[in-house]
Amino acid sequence: KSGKETCQPTLAASRHLSAMQGDDISNRHRSILQAATLAALWYDAAAISKVLAIAEAPVGLPEGQRPVQIDVGIYMDDFFGINIESNSFKVDFWLSLRWNDPRTAFNLSDHSSPPAPLVVSTGDQEDTALWLPDVTMTNSDPGFQPTVSNLLIYPNGTVVWMRRMAVEFEANAHFDQFPFDWHSLDMKFESKAYYSSDVALQPWFHMTGHKLEKDSAGSYIWNLLQFDPPRRACGDLCADTVCSATCEETASDEKQTLVMSQYIKNSFSGAPDGSMLGSAMFKKYRVVTTLRVERVIGNLVCTYFLPSSLLMMITMLSFLPDCNDLGTRLGASLVGLLTFEVMAERVDGKIPPMEHITWINVWHVFHVLLLTSIVLENGLASHHAVHTYRTLACTIDRFAIGLFSLWYWVGVFVMVANRSAEAPASLLIGIVAFVVVGQLLLLGFAGVSESATDRIILSRLVGSSHLRGGGHITWAVVDRIASWRQRDGHRNRRGRCCRRALVHSGLRFDSLSLPDSALQGLAFERIARRARYTDAPMAAVLGEE
């Protein structure tokens, strides 16, 4: 019986003996109970000493060549995805270890082919008198428990230990390119107790693979990417000649989901050069299994990106109401800005909180700045409709629709083209400058249009002879435009093309062809809105009127 089963009747006998101390029993019965109690205590002490002896003198390394070669194979059964809160990923996989221990060799009772291995029952491996390599995962929770464990011993002394487990590894993922992010995830294995002089971990390429699971737990958010045939250059995957030879023997041209590589690292990373901690005696073998995943963005396109673009187009419809209706125009544009801010909350829980700039921040800032520019344009157009010319406000609206539409789609193209940029902060600076330039173009167009309209009207009313030599160089430019428009051949094909180009761009110099009564009406509209003219010739003419 085990020590636990023996201990229970022993304690019961002891309690029964104590209860019988006051009873009237024979000395012979009391002596038998005392002897049984003493024998049970000796048995428990012997069992405890045996356990202590095993702990103090564990099973040694296999005899023979050093270091002992341990083949490590990984077969991934399922990928559960990346946990953004803990920045980790969970994998259900089989960890297969193979080594040779001559002490476990045995003779076959039947000479079957292939030879049948000796199977150690599941869960009893830790209690067997076998040497087991202490291979552990360095970037995972050390408290994992395997769900299935099989130990196979072959007649020639080869031992294969296969365990299935679901383990959560550190991802060290960076979300700078979210939602176009992809991640390279590593599972790191090394011996916990043995250095490179005793144990050498080798990738077991034949036992490495991935189960083709269409409905895996992580497939709803992540796509598993395939590597190009990685074993064409085995020198990049291996750290010793044994691994290189095995890699070249098993090389294939098929793409792989899991890639295994071998490293020799120091146990004390960062130790000073030349110190004992940095010497070769503390080096260990490490086998790293790498998989790459890419985010599925179909849901975000439907719930965030497409609505953002539609909202931008709808907000531009605020240019359609009358220029004097400032309340309607500002209300529509402000509602668009606030609606986008509410929509932006849909992506807050998809990446961990971080302080540095990400790609999604660039998208957010671009839309906020452009929507703010639309709000400012509505105020600018309403100002010109009230204080200068109503037709000028309409011209600004037409120019703004074309400018913002062009600027928006160019900005979207630039951001998508640079979605894999390693420095999103530089992309953000470029996008902000791009929007600011667009706003300056709008303000410059409004100023030039107002000044040109004033000078064209004055040139017709006052006469170009009174305006030449004035304080502004624009007078000469306006006079040249007027002379060009009044020449005999101004209706030829080139003139029509230039005029149409000016009209489509919003520069309406057609006021030169208006009758004097219309020009006078525009001039007195300007005077009625308290415009101040300081040019002496113009003031004299307007004073006579």
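Predicted model: local features only at pLDDT ≥ 70, side-chain atom pairs only at ≥ 80, totals over all residues.
Figure 1. A disulfide requires the sulfur atoms to be within 2.5 Å. Seen from the other residue, the sulfur of Cys323 has that of Cys394 as its closest cysteine sulfur, again at 3.9 Å. Cys323 is buried, its relative accessible area being 5%, whereas Cys394 is partly exposed at 29%.

**Figure 2. The disulfide between Cys238 and Cys243.** One disulfide is found in a search of the whole structure. The bond links Cys238 and Cys243, with an S to S distance of 2.2 Å. The torsion about this S-S bond is about -55°, so the disulfide is left-handed. Both ends can be described by their accessibility: Cys238 counts as buried at 11% relative accessibility, and Cys243 is buried with a relative accessible area of 1%.

**Figure 3. The hairpin of strands β1 and β2.** Strand β1 covers residues 68–83 and runs antiparallel to β2, with eleven bridges joining the two. Four residues lie between the strands of this hairpin, and Asn87 in the turn has a positive phi of about 50°. Within the pairing, Tyr75 stands opposite Trp94 of β2.

**Figure 4. Strand β2 and its pairing with β6.** Strand β2 spans residues 88–100, and ten of its 13 residues are buried, so the strand is largely enclosed by the rest of the structure. Besides its bridges to β1, β2 pairs with strand β6 (residues 158–170) in the antiparallel sense, over 13 bridges. Leu97 has Trp161 in β6 as its bridge partner. In a regular strand, side chains alternate between the two faces of the sheet.

**Figure 5. Ser196 in the loop between β7 and β8.** Strand β7 covers 182–191 and strand β8 covers 199–203, and Ser196 sits in the loop that lies between them. Ser196 is buried, with a relative accessible area of 16%. With neighbours within four places in sequence left aside, the contacts of Ser196 are Pro67, Ala280, Lys283, Lys284 and Tyr285.

**Figure 6. Spans annotated in UniProt as "transmembrane region".** The unreviewed UniProt entry places this feature at residues 296–320, 356–376, 396–416 and 428–448. Two of these spans are described here. Residues 356–376 are 86% helix and 0% strand, and the C-alpha atoms at the ends of the span lie 29 Å apart. Residues 428–448 are 100% helix and 0% strand, with 30 Å between the end C-alpha atoms.

**Figure 7. The whole protein chain, for orientation of the close-up views.** The chain has 545 residues, of which 40% count as buried. Its secondary structure comes to 13 helices and twelve strands. Among contacts between residues at least 6 apart in sequence, 77% join residues at least 24 apart. The accessible surface of the chain comes to about 30,000 Å², and 58% of this surface belongs to carbon and sulfur atoms.

Note on methods: Residues numbered from 1 in each chain as written. Heavy atoms only, no water. Buried < 20%, exposed > 50% of the residue type's maximum accessible area, 1.4 Å probe, protein only. Pairing = 2+ DSSP bridges. Contact = heavy atoms within 4.5 Å. Areas by Shrake-Rupley, 256 points an atom, 1.4 Å probe, with all protein chains shown as cover. UniProt positions renumbered as here; feature names shortened; annotations may be inferred.
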